[in-house]
Each structure stands twice: as C-alpha cells, then as structure tokens.
Amino acid sequence: MKAFQYATAYSTESACQLVRDNGAYLAGGNDLLGLMKEYLASPGMLVNIKALPGLNKIEQHAKGWNIGALVTIAAIEHDPHITKALPGLREAALGIASAQIRNVATVGGNLAQHSRCWYFRHRDIRCLKKHGETCYARIGENRYHSTMGILVGTHDTSLQRNRSGRGTAGPCPTDEAHRPLPERRSCVSRYASARTLQKRSLRRFLQVESSHLLCHRPAKLLAYVQAVSRYLICQGPVCY
Amino acid sequence: MPKWPTETKYISHSTQRVDGAAKATGRARYSSDIQANNWLYGMILRSKWPAAKITNINLEKALKIPGIKAAVLARGPSLTVRYYGEELAAVAGTSKQACLDALKAIEVTAEPLPFVVREEDAKKSDAPRVWQNGSNYNEPKAKEKGEVDSAFSKCASVIEGSYSTPIQLHHSMETHGNTISWTDEGVTAWSSTQGISSVRDGLAGALKLERSKVRVITEFMGGGFGGKFGAGVECVLAAKLSKEAGAPVRLMLTRFDESLAVGNRPSSFQKIKLGAAPDGTLLAFEMENYGTAGIGAESDGGGGRGGADIPAPYLYKIPNSRVKQAAVAVNAGSARAFRAPGNPPASFGIESALDDLAVKMGMDPVEIRLKNDPVEIRRREYAIGVEKFGWKEKYRKPGSSPGVVKTGVGCAGGAWGWGAGARETHGEAQINSDGSIEFRLGVQDLGTGTKTVIAVVAAELLRLKPEQINVKVGDTRFPPGPGSGGSTTCPSISPTVYDICTKALAQLQEKSGLPDARGKHWFAACKKIGINPIVVHGQWIEGLSSFPAYGVQFAEVAVDTETGLVTVVKMLGVHDCGLIVNKLTLESQINGGMIMGMGYALYEERVMDDLSGVVLNPNFETYKLPGIADVPEIEMVLLNMPERGVIGIGEPATVPTAGAIANAVANAIGVRVSSLPITPAKVLAALGKIPAHTT
C-alpha cells in the first residue's frame, strides 16, 4: 500500500475536516485495509473514527432500535436485548466472517464497504468502477456475486441478476460512493421490515433471494439488510 | 524374514507429535522463518496477459527504487507467455514495499495474443492455439474390451449421465517458497518442498553447479499435497537473486500467486453409460472423458495429454468397457500431482453413475456395490460401515425425506494403488555413550508426522520412549531418501528405521557384550561404547510394507430445498491401513483427507474468466474452503492389519468423500447434481427452481 498519514478524530466535525478530499475514515478497517493493500484505494490520510462519541451504542426507543455506526458486529451478537427481541439480527451477526473479524468490524463499515465484485477486487482488471470502460460483472462470471435481486441499488454493487437468470443492468453502474447517503438508506428500508427481522425464517428468506448467486454463506448480506432495515446508520460519517 | 513385533507399546498406539510443542509455540522454523544474515525479500513479476508475445522487459527503473538490491529475468527479455500469472522477472529488496514498488516500475512491452481458458471452447477447431505447433485437443484414444455395444443391448437397465469436476487448487497453508543463500562455498536453500533431493538436483541443474555444492533444508513444512516437488521457477529465481544481490533472499509466494502458477487438480467431464443385468451385476461401461491440465507442456504436442486422465471404470471389473479420454490445453497454469491424482474425480464419476443405476433398478446402493466390488477388503469395509453408520435405518428412497430441509445418505468407495515403500530410502543412527541416539534421514516431514513415525518405530524396537529418540530429517546432507508423494513416506521410512535399529542393536550388543541392549539395558550397554559413537547405516528392506489401500466412506447431509444449501451432518470413513504405526497422526490424515474431499464436493473451484483470461478467485475470500464451522462429526474405523505391513494412507482418505456426499445429496433431494462443487445454485437448478444456465 502507499504511505499515508494517520489521525484520530474526536468529533464528527473534525473527522470531516481531517478527511478532506483524499482521506478515508477508518473504523474496523476490514474492508479499507484490503482495498489499500490491493492499491484499489490509496488515501493520503486515514482518519480514525473509533473515538467519535455516541456512535457505539445500541438503544431501544419507542419506535424501534438505534444501532450506532461504530457498534461492532460482535456487540450485536452479544447484546442480550437484541438476542431476545431480534433473534434474526443476532443470527445474522453470528454468521459473519470469523470471531476475530466480528470483534473489530463495525456496522457502519459493513454497510459502507465497497463492492465485493470479483472483477472490481481483482488487481489486474480495470473495470467500470476503476475508470475502465466495461462492467465485466454484467456479462462475465457473476455466478458468485453478492448481489440480491430485491436489494440491488442499495448495496454498492455493479450488477443485478434477476430471476430470469440473465445478467441485466443494475441501477448503479457508476461509483456508488458518490451517491448521497439518505437515498441508500431509504432504498433499503423499504424492503426488510421490522417484522421480517423477528421471524425465525429470515435467514432462509434472504438465502432464497441470493441463492442463484452461489454464495454458500451470504452472511454479510444478511447483516447488511437487517442492520439497514432498522435505520441503523443514524448519525455521523460512515463511508469513505 | 524381518517381522514387526506383535506385542507393541507404541506402534499402533497414539503418540503425540514429537515436534508438536515446537509448532504450537512458534519455535519451529519454516522456510519463511529463516533469518539468514542481511537477508532480502524476493518477489515475482507475473504476466498480466493470458497469452502474449513479450518483446521487452526493462528492469532499469526497478533497480533505482530505494532498497532494491537485485532484479533478474525469468526467461529473458522476450518470450511468449501462455497463461495469466506466468513468471516474467523477480526483484529482491530490503522490504516488501520496496519490492512491490519495484514490480510496478518494471516496464513490460507486450503484444497480447488471443487466448482460451474454457475446456469446451478450447476444443473447437477455430479456438486460439495454446501451443502454436499443436492443436489444443487431440482425438481421444480408446481402450476397449469385450463387446460393448451388444452388451448394452443385453442389459436389463442402462443409465447415461454426465459428471463433471472442477479445477481444484492445492492451497497448502504454507505457500511455495524458499530462503536461499548463494555464497562462494555453494548454495543453501531452505525450501518448502516434498522432495529435498529433487530440489537439490533441479537447482544444481538450473544453476550449473555440482549437486554436492547445493544443500537443501526442510526442517518444517506446512503441506504440499503433491504440488511441491522439484526446484520450481520461484526457487531458481530466488537463487539467481541471491547471487546477484550477494545476500540471502527469502522468496515466498503469496496466496494470490498460489492460485495461478504452482499446480492444480485437472478438471474432468465424464460422459458415462453404465448397464447391468437384472440382479445388478455390471455388464457394460462406456466413458468419454476430457479435462484440462492447463497449458500442459509443449512436448505433449499440445493438449497436456495424460495429465487429465482418470482410472476407469475404476473400482469395478466390468467385462465390456470402452474408455475414451483426452486432455485439452487451455491458457491456464499447469496441473501437478494432487493428493491421489485422478482418483477423486474417478470415484465421484463412477460412484455417482452406479447410484443412479441403483436408483433406476430400485436397489440399495450398498447392495449393488457388494454385488460388484471385486475387492474383499472393501466389501468388508462396507459391511462395517453399514453397521457403524446405521445405514439400514437411515437409507430412504431418494427424495422421500419430508419437509423443506431434506436429509439423505450416500456412500462411495476408493482405492490407492501406490503407497509402497521406496527401495532407495537410506538413513543412519548415531548412538553415543551417554545413551542418546539420533536418527538422520534425508526425507522430509510435510506436516504429516514423519518425524513422529520414526521416533515411534525406533522407540518400539529399541524399547525406549519416543521422546528419547532424536530425529533429524529434511537435509540433503543426511543419507538420501525419496520424495514424499504417493503416500510412500511412511512405508519407506518404517522399514528403513527397522533396518537401522536391527543393525544398531547388533553392534551395541557386540561392543557391550550384553545379550540384550534394549530397554532397561540400554544405558548400561551404551556406557561401554567408549569415546567413538556407533554410527549405523540402514536401508529400506522388503517384507515390512505393502500396498494398495482401499477405503469406503459414508455421508449424511441436510439439503435446504428453498435455499439449496447443503450441510454435511456426518461423515464416516472405513479404511484399511496395513500396520498402523501411529494412530494419532493417522487419524489426522483421515480427518484432513475427508475435509479436503468435502471441499471438493461442495465448495472448491478455480474460476477462470473468459473475458480477461485471469483467475477470478485468487484468495480465500472467493476460493471457498470448508471452515471449521462447516466440518461435521467425522467418525472413522481404521482396520489394523499388521500382517500386511506399513501402508501409506494420506491419499486414500480423500478419494471417496466427494462421491459419498454427492450421492447423499441425490438421495436427499431425489435428483442428481452431477457437477462439483455442489453449490446452492446447482441444487436449485436440479430441483427446477431456477434456470439451469444460471449456474
């Protein structure tokens, strides 16, 4: 990776100032560090946002839950109230990666991670998202891609494969990072209701939606849907 | 005639690995742990093109990067590359980052050529040629016996099916690589290898040095599975860098590199026709198979012939059979030997077809196997497995399991026809007057427990404790031994240690005058040796090892018919092991083999992109392996047969697994998923829930 500067922000304002044009927010770092090692992202400044106040809380209020962007996946997994009220969410959290990753991965980072597209992530492929001309995922090997029929357009992904099985144009061939955050949030929240979350069959429901993608463990997507559906990103900057 | 002792204290019992503590605490030094003086990092620049004419490679700018001490070309400045990831050049520097920067600074001028990465495309006559002087695909050669066509017409029941297996990657936990120091005295290579002698010979040849000037050391190793024989390109490049830089170079491949250029298991596309008499006796068999071993070699005349063949009809003696096989060359890294080469795809193909036939005839899958299997040991293993697994209670008619999540059971057999000891195994032991003893063998421990096996055999025969036996392996300065492949290491070293021990005891008894120098007399006898230690040389002897090995496995799965997700609930392996040397490390081999087979059945597949020609899943995020949470309960029955002598078991353990799991899936859902890996999408496609072409 390229050399970078590092700073810790203690308020949302200072975080925004520090990150400026070529900085990136660093929380768990699971996605960002991988992108940097592959030279897919080369920020000049990493702004540690783990010290931002108030973003690491899980709170229940009259209408639902607030889960802060800096809450770790492990915290969701271990929260006794979540376990009781939203077993589907806990199950999804438990299904993500490994314990080591869950301990540092944040909800915000999980939602804001860049495409898990094999073409985008490949060091020697210059795709549409890397200022190339072609979105290979549309016509190429997209069997394993982490896209979901109902949710494409919310996740930062370049391809939608619908039930007909033909690769069709997804709504977001351009760089998702430029989209305003509110739109993404509202988009997702339409699809997974609080009711769904409480159903034991949630995992199956979601796997059906993603099954044609061959993802034998679509856990990250589960967490994504579930977390977003609860309006989880409540405050503060979460994407880079 | 030499004979193994019948009453044993260590042989056939469980002894913990003699180097377990060193490995667990990190004291064990692997090739990448060697910190030779002023050592440098080495890295390889690989082709970004699946096929190209490279007209120039300019290293100048790379050499100007701070910290870079050397840069060398792999094959010269102009060459033709035939797959994505082929080696072009290498650099050595004081940090990984300097090397990465240097690789980016190397200027490569290339004219891209047309390429083909899929087997079915490469077979077409107008496909781009992988080798200019030969076609990608030659007409398959047929092997025939009996009257196949008329035999099929006499069969009561005939099935036809297409069964396919993917390219599987070795992905040893320790990647390929070496730390190499080239000085005036010669070359020392700390290699991650399955054959220290073959690395020495290969390296000496490539560097034009006397073999005696090259020393190869493999003290500890993290797996090879067939992919780590000889001096690879990365080995020769590390040596050249070391010479040019005047410093030791550590060049370990990355996980990314491992996916491209250091071997794989060939694919197979098996079209099988199988017919039986009314009682289930197999009468006729026909198979057309092709697969790819990557680019193969030019000397193959294209096609990489031979590399993709599988044994057929494998386990069964069928009076009328016709087998046509051919390999097809594609622009991808070459295949290498991979744990039981040819056998796992062969078992998957024939065992799937046999189950399909059994279903059609309304026969129990075990029953049809017992009827046709010519090997008495394997029939016995089925009988044991049926009892242990509860087959009769668990087996139901295909697809009859109720509910959304359906359960099913399956079984399959395997064989491994090698695994005998190697005559050319040498070793020595040094016995000192203080009673200490050291064994030195020029073999290597891949992680399977070779050192522990030596300690166990020696401890048994000398009536000492395994921890009293000092074992040194993995150094070409020791008496030479064979490469570790074909499950031959254990049957090679055990008789060798037997020979050493017999000779050592004879000498010790003679020198000490004691009639028995073993056990409690050991130290008294050793005291009388005097200043000069006893050094005895031994060699592999006949009568203490044999082959082949068989095995059967059973699997129970749960298949979610809404999501297509397959969960393996239980696996049972029944294997004959000859004389079991160390039960604990044997169990590790069976566990590992079955988990690897499970990966082959459900997860693993190298995905090539036909748009760009690259390997699309060159990491463990996208190349799926069974994680610890995926691994089911594994039970095993190990048949100890001391009368057969020592038999290697590393390979048989992985042969039947995929077939057993595939048959269990078919039993659960009532339809066959005939292509590995059995992904959720393929399950749903087989159930008609999504279009087949989406998988």
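## Model confidence

Chain B has an average pLDDT of 95, and 98% of its residues score at least 70. The structure is a predicted model, with an ipTM of 0.87 and a pTM of 0.89.

Residues 301-306 of chain B stay under 50 in pLDDT. For this stretch the model has 19 contacts beyond four places in sequence.

## The five-stranded sheet

Chain B contains an open sheet of 5 strands in the order β7-β15-β14-β13-β8, and the pairing is mixed. Its edge strands are β7 (141-145) and β8 (157-165) of chain B, each of which pairs on one side only. On average, neighbouring strands of the sheet are turned by 10 degrees against each other, direction ignored.

One pair of bridge partners is B:Ala142 with B:Lys324, the latter in β15(B).

## Helix α9 on the sheet

Helix α9 of chain B spans residues 343-361 and lies across β8, β13 (268-276) and β14 (282-291) of chain B. Relative to β8(B), α9 runs at about 150 degrees.

## The α10-α11 pair

In chain B, helices α10 (residues 365-372) and α11 (residues 376-389) have axes that come within 9 Å and cross at roughly 160 degrees. The two helices, α10(B) and α11(B), are therefore roughly antiparallel to each other. The crossing of α10(B) with α11(B) is left-handed.

On the α10(B) side, the contact involves B:Val366, B:Arg369 and B:Leu370; these meet B:Arg379, B:Tyr382 and B:Val386 of α11(B). The residues of this contact divide into 4 nonpolar and 2 charged, with no polar ones.

Note on methods:
Residues numbered from 1 in each chain as written. Chains lettered and ligands numbered in written order. Predicted model: local features only at pLDDT ≥ 70, side-chain atom pairs only at ≥ 80, totals over all residues. Heavy atoms only, no water. Pairing = 2+ DSSP bridges. Helix = DSSP H or I, 4+ residues; strand = E, 2+ residues; numbered from the N terminus. Axes fitted to C-alpha atoms, helices over the stretch in contact; angles between N-to-C directions. Contact = heavy atoms within 4.5 Å. pLDDT = per-residue confidence, 0-100. Parallel < 35°, antiparallel > 145°, perpendicular 65-115°, else oblique. Left-handed = near helix turned anticlockwise from the far one by under 90°. Nonpolar A, V, L, I, M, F, W, Y, C, P; charged D, E, K, R; others polar.
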